[in-house]
Amino acid sequence: MLVIQNLYKHFGDIKAIDGLALTVNIGEILVLMGPSGCGKSTTIRTINRLIEPDQGTILFHDTNILTLNPDELQKIRKRIGFVFQHFNLISRLTAQENVMLGLVMSGMDRDTARNKANEALTKVGMERNLHQKPAQLSGGQQQRVGIARALAYEPELMMWDEPTASLDPILVREVLVVMEELARYRASTMIVVTHELSFALRVADRIVLMDKGKIVEEGKPSQVFVNPTSAIGQKYQELIEYQINTTAKSLSGEK
Ligand SMILES: Nc1ncnc2c1ncn2[C@@H]1O[C@H](COP(=O)(O)OP(=O)(O)OP(=O)(O)O)[C@@H](O)[C@H]1O
Ligand SMILES: [Mg+2]
């Protein structure tokens with residue numbers, strides 16, 4: 001579905017993406033991980049050209065996104081959903097209106113848009129909060145509205161950029177549960193940037209590890225986190241072992 005080749009992006013002296021190549025198959029759940037600043041956000045933002053890369057090819061079903069004119073790009077963007085770390089909801093609109101807004105702006109009639117919004121909000125467990133404004137919702141609920149906004153387009157590809165990173169730990173879980181549920185449907189292909197190791201372990205078909213603008217390792221979670229070949233992979237493996245050991249120790253009352 002998606003084939004990225006030879007992708008480069010620099011900001012001044014910084015090589016944010018440095019010759020990246022990546023293929024994503026239909027229905028696949030891909031989790032992109034790596035240290036802060038390694039280029040994860042830049043990479044996924046180039047896919048719908050929120051960031052224009054310097055060079056490369058991004059084929060989405062054989063169409064090169066990087067050569068599309070603005071009208072064509074607009075059409076393709078509707079097939080690609082994006083969930084951000086900061087939900088960017090409009091404060092004077094209700095949950096339902098926030099989800100409807102983009103649909104109506106893209107020419108859908110209000111009744112159809114309202115039905116689609118309600119359907120998407122139901123999928124994220126927000127059917128009882130349709131008429132609440134962002135200030136009346138918790139952070140987790142606001143992010144679920146953000147997810148519904150992307151889902152309402154029924155995108156073929158969903159991209160997630162650290163969707164739980166702005167939430168307090170208690171609220172993280174409710175958003176991860178929704179994400180896992182969506183992943184289980186496999187209604188769309190997913191590229192998820194996250195630092196949530198347990199989500200990556202349970203849900204990913206493939207883990208892709210980046211470092212300094214390049215992909216340094218990829219494979220099934222059982223391979224990447226158990227027999228890593230890269231330095232970054234080894235760091236994640238150590239982190240998982242540390243978490244398992246400390247949890248086991250605290251359960252057994254050991255210090
Ligand atoms: N608009 C920008 N202007 C200048 N430098 C940028 C810009 N966006 C990103 N960078 C730089 O490009 C590199 C890659 O950034 P990017 O945001 O893609 O990293 P990331 O892997 O998403 O990190 P994090 O886990 O912290 O979100 C970093 O060194 C960052 O400082
Ligand atoms: Mg980022």
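This is a predicted model: local features need pLDDT of at least 70, side-chain atom pairs count only at pLDDT 80 or more; totals for chains, interfaces and linings use all residues.

Entry 1, helix 3 and helix 5. I looked up helix 3 (residues 95–105) against helix 5 (residues 139–151) and found a packing angle of about 30°, with the axes 9 Å apart. The two helices are therefore roughly parallel to each other. I recorded the crossing of helix 3 past helix 5 as right-handed. Helix 3 contributes Ala 95, Asn 98 and Val 99 to the contact, and helix 5 contributes Val 145, Ala 148 and Arg 149. Sorted by class, this contact comprises 4 nonpolar, 1 polar and 1 charged residues.

I then turned to helix 4 (residues 110–123), whose axis comes within 8 Å of that of helix 3 and crosses it at roughly 125°. That angle makes helix 3 oblique to helix 4. This crossing, too, I recorded as right-handed. On the helix 3 side I listed Ala 95, Gln 96, Val 99, Met 100, Leu 103 and Val 104; on the helix 4 side, Arg 110, Ala 113, Arg 114, Lys 116, Ala 117, Asn 118 and Leu 121. The class count here is 8 nonpolar, 2 polar and 3 charged residues.

I traced an open sheet of 6 strands in the order 6-7-8-3-9-10, with mixed pairing. Strand 6 (80–83) and strand 10 (214–219) each have a single partner strand, so one side of each is left without a neighbour in the sheet. On average, neighbouring strands are turned by 20° against each other, direction ignored.

Entry 4, strand pairs. I found strand 3 (residues 29–33) and strand 8 (residues 189–193) running parallel, joined by 4 bridges. Within strand 8, Val 192 stands opposite Val 31. Strand 6 and strand 7 also pair in the parallel sense, over 4 bridges, and Phe 82 has Met 159 of strand 7 as its bridge partner.

Helix 5 lies across strand 6 and strand 7 (157–161), and runs at about 170° to strand 6.

Conventions: Residues are numbered from 1 along each chain as its sequence is written. Chains are lettered from A and ligands numbered from 1 in the order in which they are written. Side-chain values use heavy atoms; hydrogens and water are left out. Axes are lines fitted to C-alpha atoms, for helices over the stretch in contact, and angles run from 0 to 180 degrees between N-to-C directions. Angles under 35 degrees count as roughly parallel, over 145 as roughly antiparallel, 65 to 115 as roughly perpendicular and the rest as oblique. A crossing is left-handed if the near helix is turned anticlockwise from the far one by less than a right angle, and right-handed if clockwise. Contact means heavy atoms within 4.5 Å. Ala, Val, Leu, Ile, Met, Phe, Trp, Tyr, Cys and Pro count as nonpolar, Asp, Glu, Lys and Arg as charged, and the others, Gly among them, as polar. Two strands pair if DSSP finds at least two bridges between them.
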